[in-house]
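Reader: I have a model open and would like to understand the words used to describe it. Could you take me through them?
Author: Gladly; here it is.

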Amino acid sequence: MDGLTQSHTGRSGFPPAYLDRVGSSFTDFLAQAAPDLLPSRRPVPGVQAGDLTPHGTTIVAVTYGGGVLMGGDRRATMGNLISSRDIEKVYPADSWSVIGIAGAAGIAIEMVRLYQVELEHYEKIEGLTLSLDGKANRLAQMIRGNLGAALQGLAVVPLFAGFDLDAAEGATPGRIFSYDVTGGNYEERGYAAVGSGSLFAKNSLKKTWRSGLDAGAATRTVVEALYDAADDDSATGGPDPVRRLYPIVYRVDAEGAVRLTDAEVAEVADAIIEERAAADRENVDRGA
């Protein structure tokens, strides 16, 4: 029985944690049944490990009239090296929310998977969907549990966004939440960005975002912000027409979370590239 003695199991052969209802949190259940599987319970390295692990970089999110959009570039870096050109950094958290990762990629992806199970487990136990504020708070608790690793350079700083099913009439249903490494939870208004290119992305969003955008204009705003971030931040990957690698963008509205197709994102990115190239050619001609 994998080392479990009779004193540790019930009549059915399962440990008590599997039989006792300890709540709707899968993370709390795992803390009792198999704590070594939680990222926060693993030994923390005694040296700074930040430059030794792949890191995801820039994530942006914007609200629009029908909900919220989130996009992320495809590059992961390890120190001054590009460790991956096609990593995925934006994931559906559940049917009505998405999460984008920045920071230590391996830990971040594991945290996303655990978070997805956490939300699914709550829904199965309670028979209803957790509120958007509740989802944001659950994620904050998981980030707080990773504080020890964060202090050793393995920080995970996600961006969370979703469609608020309980939004008051007339209120914007799309909402965005950002975090710090201690688990601090902050609701953003209109737009937000995290990661190494976030400063440049936010500067772009300040100029292109406005309240009441439609889905098409909001998609362009997201892709253009990532393009501008890649222009000034070496850790952020821009659109790559040669390899056909484009940002991953999710839209969350009244129909749920949907990933935009590569063709849809490519059409927007290629239009931006062509416009920038035409502007550069015109400036060169004027200079000549």
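Author: Let's begin with threonine 219, which is found in helix H7; helices (H or I, at least four residues) and strands (E, at least two) are DSSP runs, numbered from the N terminus. Before your questions, please note that this is a predicted model, where local features need pLDDT of at least 70, side-chain atom pairs count only at pLDDT 80 or more, and totals for chains, interfaces and linings use all residues. Residues are numbered from 1 along each chain as its sequence is written, and side-chain values use heavy atoms, with hydrogens and water left out.

Reader: Why is threonine 219 called buried?
Author: Buried means under 20% relative accessible area, exposed over 50%, and partly exposed in between (1.4 Å probe, protein chains only). Threonine 219 has a relative accessible area of 8%, so the word buried applies.

Reader: What does threonine 219 touch?
Author: Not counting residues up to four places away in sequence, threonine 219 touches Leu69, Leu260 and Val268. Touching, or contact, means heavy atoms within 4.5 Å.

Reader: Which residue does the UniProt annotation "active site" cover?
Author: According to the unreviewed UniProt entry, that annotation covers Thr57. UniProt positions are given in the numbering used here, feature names are shortened, and annotations may be inferred rather than shown by experiment. In the model, threonine 57 sits in the loop between strand E1 (55–56) and strand E2 (59–64).

Reader: How do you know whether threonine 57 is buried or exposed?
Author: Its relative accessibility is 3%, so threonine 57 counts as buried. Leaving aside neighbours within four places in sequence, the contacts of threonine 57 include Lys89, Ile101, Val194, Gly195 and Ala235.

Reader: What makes the pairing of the threonine 57 and aspartate 73 side chains a polar contact?
Author: The term asks for a pair of N or O atoms within 3.5 Å; within protein, one must be able to donate a hydrogen and the other to accept it, and residues adjacent in sequence count only if both atoms are side-chain atoms. For threonine 57 and aspartate 73 the value is 3.3 Å, and the contact is between side chains.

Reader: And how is alanine 235 placed, buried or exposed?
Author: With 13% relative accessibility, alanine 235 counts as buried, because that value falls under the limit. Alanine 235 is in the loop between helix H7 (215–232) and strand E13 (248–253), and among the residues it touches are Thr57, Asp73 and Ser196.

Reader: What makes arginine 244 partly exposed?
Author: Arginine 244 has a relative accessible area of 49%, so it falls in the partly exposed class. Arginine 244 lies in the loop between H7 and E13 and has a positive phi of about 60 degrees although it is not a glycine. Most residues other than glycine have a negative phi.

Reader: Why are H2 and H3 called roughly perpendicular?
Author: Angles of 65 to 115 degrees count as roughly perpendicular, under 35 as roughly parallel, over 145 as roughly antiparallel and the rest as oblique. Helix H2 (residues 26–33) and helix H3 (residues 105–126) pack at about 110 degrees, with axes 8 Å apart, and are therefore roughly perpendicular to each other. Phe26, Thr27 and Leu30 of H2 meet Leu114, Val117, Glu118 and His121 of H3.

Reader: How much of the protein chain is buried?
Author: Buried residues make up 47% of its 288 residues, and the chain has eight helices and 14 strands.

Methods. Axes fitted to C-alpha atoms, helices over the stretch in contact; angles between N-to-C directions.
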